[in-house]
Every structure is written in C-alpha cells, then in structure tokens.
Amino acid sequence: MAESIQEIKKKLQAAEYDGLPELFSIYENDGRSGVIQALAAARKRLLAYEKEVERTEKLKFYEKKYASYSYICGIDEVGRGPLCGPVVAGAVILPKNCNILYINDSKKLSEKKREELYEIIMEQAVSVGIGYATPERIDEINILQATYEAMREAVSGLSVQPDLLLNDAVTIPELPMEQIPIIKGDAKSISIGAASIVAKVTRDRMMCEYDSVFPEYGFASNKGYGSAQHIAALKKYGPCPIHRKTFITHFVTEVNN
C-alpha cells in the first residue's frame, strides 16, 4: 500500500536537513498534488537553511582571519540611547567551531529569536561576561565613559582571558589585549553579534523588572527609550530613580540632584 500524503508530509517535516535530499529522490515521481506541495515546502525550507548556513559562514570572517589567537572575544553594548536604566555590555567568547545559526545584530532579530539565541549562546559559549553602568554613573562621567566601564567590567567577568577583542566600532581604553574595532560589527562578526544578543536580552529583562516597580512609564514595552508614552509619563509624574538626569532636561524643568 502506498504511503498516504499525510504520512509523507510528516516524514518531510520531521527530517533533518541533511536527510531531505534522499526523501526528495524517493518521492519526486509521486504525482499527487499534496505530495508535490509538501516537497515544494520542504525544498523551500532546505534552501532557506542553506542560505543561513552561508550567511553564518560569512559572519565568521574576522574569527577566521584572526584564528591564530587562542580566545577571540566579541564585545557590544546596549542602552546608550534610552532616557533611563543602565547601559549593559556583553562579552562573549565562542568556541572556534561554533555553528550557531541566526546570530545577527540584536536589533534585527525578534524578541522571541533573541531569547532563543540567548539560551543557546549561554550554553555553548566558552565564556560570557556582562557589565553594567548605572544611571547615576552615566550622569557622573557621561554615557561614553560609562559604556567603556561597562565593557571593561564585561571583559573582567570572563572566566577565560581573551587575547583579542572584536569590538562594535570602538576601541576600549585601559585594556591590555589587542582590539579590532569593526563598524557595524554586530552584523559582521558572529562573536560581536552574540555579545549584542546577550547584552540586549539582559537589559530588556532588567527593564521589564523595573516596569513592575515603576509601571507609569511603560518600561516593559519601550525599554526606557523616549517613546511618546514614556515622555508623556515623564512630564506627568516626573523622573523616577532610574532616569538619567542628564538625558531628560528637555522633558522636565526640574531634576532633583
């Protein structure tokens, strides 16, 4: 008895990518429309996977270029622009044979995909470090210097000392190891992309926690950025303890010191 269309669909859907070509050859002469559609869907899925593998390989350009280094660490930050909350830096050392797919600039990924990748990165990375600079520190020394501090803290939190840093656009002062600044590095280096995801998920989770403490400002949705709702609440209620005083002078007339 011939397999039903539903059975063939289940086989195609359950198959690993490397097993699909064999299934294509088995069912390519099945003329039933349901099988033809199922094969077309599976081929489309395989093509998308192959394109992602190719994109990920390109994302390893710098890691391959500097492969002679023992531990390459990607560095990125999240939260330089918001009106409140910390700036958070991520430092990630991936294994040299890392094959995690879908890593990208965290801003180009959905929240669901970022959360999925965060768990995979935390599981597979050689080491992950996270650094923070508080709103008070940002006000005290300015956002750029606070970002550098957070990045240095992230590097110091690694369990393995890196001998090369791949940074998103900046060179971090006061660090002894070699650094390679890469413009738009979170979309050009798998290590920096991973760091951007770790930093983004970490900060977003913090802002959701702050939302339960200061619900007026909508932090769970705006993550501290200057949305219309956030600015309206700021004008109505004034700043809360996590607002950056130096960032909100355009919106409130008096900021307590």
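1. Two strands are said to pair if DSSP finds at least two bridges between them. Strands here are DSSP runs of E with at least two residues, helices are runs of H or I with at least four, and both are numbered from the N terminus. With that in hand, look at S2 and S3: they pair in the antiparallel sense over seven bridges. In S3, Val-128 is the bridge partner of Val-92.

2. A word on what you are looking at. This is a predicted model, in which local features need pLDDT of at least 70 and side-chain atom pairs count only at pLDDT 80 or more, while totals for chains, interfaces and linings use all residues. Residues are numbered from 1 along each chain as its sequence is written, and side-chain values use heavy atoms, with hydrogens and water left out.

3. Now the whole sheet. Its five strands form an open sheet in the order S3-S2-S1-S4-S5, with mixed pairing. Strand S3 (127-133) and strand S5 (178-182) are the edges; each has a single partner strand, so one side of each lacks a neighbour in the sheet. On average, neighbouring strands are turned by 20° against each other, direction ignored.

4. For a parallel pair, go to strand S1 (residues 72-78) and strand S4 (residues 164-168), which are joined by four bridges. Here Cys-73 stands opposite Leu-165 in S4. Helix H8 (residues 190-213) packs on the sheet and touches S1, strand S2 (87-93), S3, S4 and S5. Contact means heavy atoms within 4.5 Å. The direction of H8 makes about 40° with that of S1.

5. Which residues of S3 lie on its covered face, and which on its uncovered one? The covered face has Ser-127, Gly-129, Gly-131 and Ala-133, and the uncovered face has Val-128, Ile-130 and Tyr-132. In a regular strand, side chains alternate between the two faces of the sheet.

6. H8 also meets helix H5 (residues 111-124): their axes come within 9 Å and cross at roughly 115°. Axes are lines fitted to C-alpha atoms, for helices over the stretch in contact, and angles run from 0 to 180 degrees between N-to-C directions. Among the residues that meet are Leu-117 and Ile-121 in H5, and Ile-197 and Val-201 in H8.

7. Helix H2 (residues 20-27) has four names to find: its buried residues are Leu-20, Leu-23, Phe-24 and Tyr-27. Buried means under 20% relative accessible area, exposed means over 50%, and partly exposed is in between (1.4 Å probe, protein chains only). These residues cover an arc of only 105° around the axis, so they are on the same side of H2. That arc is the one of the directions from the helix axis to the C-beta atoms. The buried residues of H2 pack against helix H1 (5-14) and H3.

8. Is Lys-60 buried or exposed? Lys-60 counts as buried because its relative accessibility is 9%. Lys-60 sits in the loop between H3 and helix H4 (61-65). Leaving out residues up to four places away in sequence, Lys-60 touches Cys-98, Asn-99 and Ile-190.

9. Finally, two backbone angles to check. Most residues other than glycine have a negative phi. Asn-142, not a glycine, has a positive phi of about 85°, and its place is the loop between helix H6 (135-141) and helix H7 (143-156). Ala-169, in the loop between S4 and S5, has a positive phi of about 80°. Ala-169 counts as partly exposed, at 40% relative accessibility.
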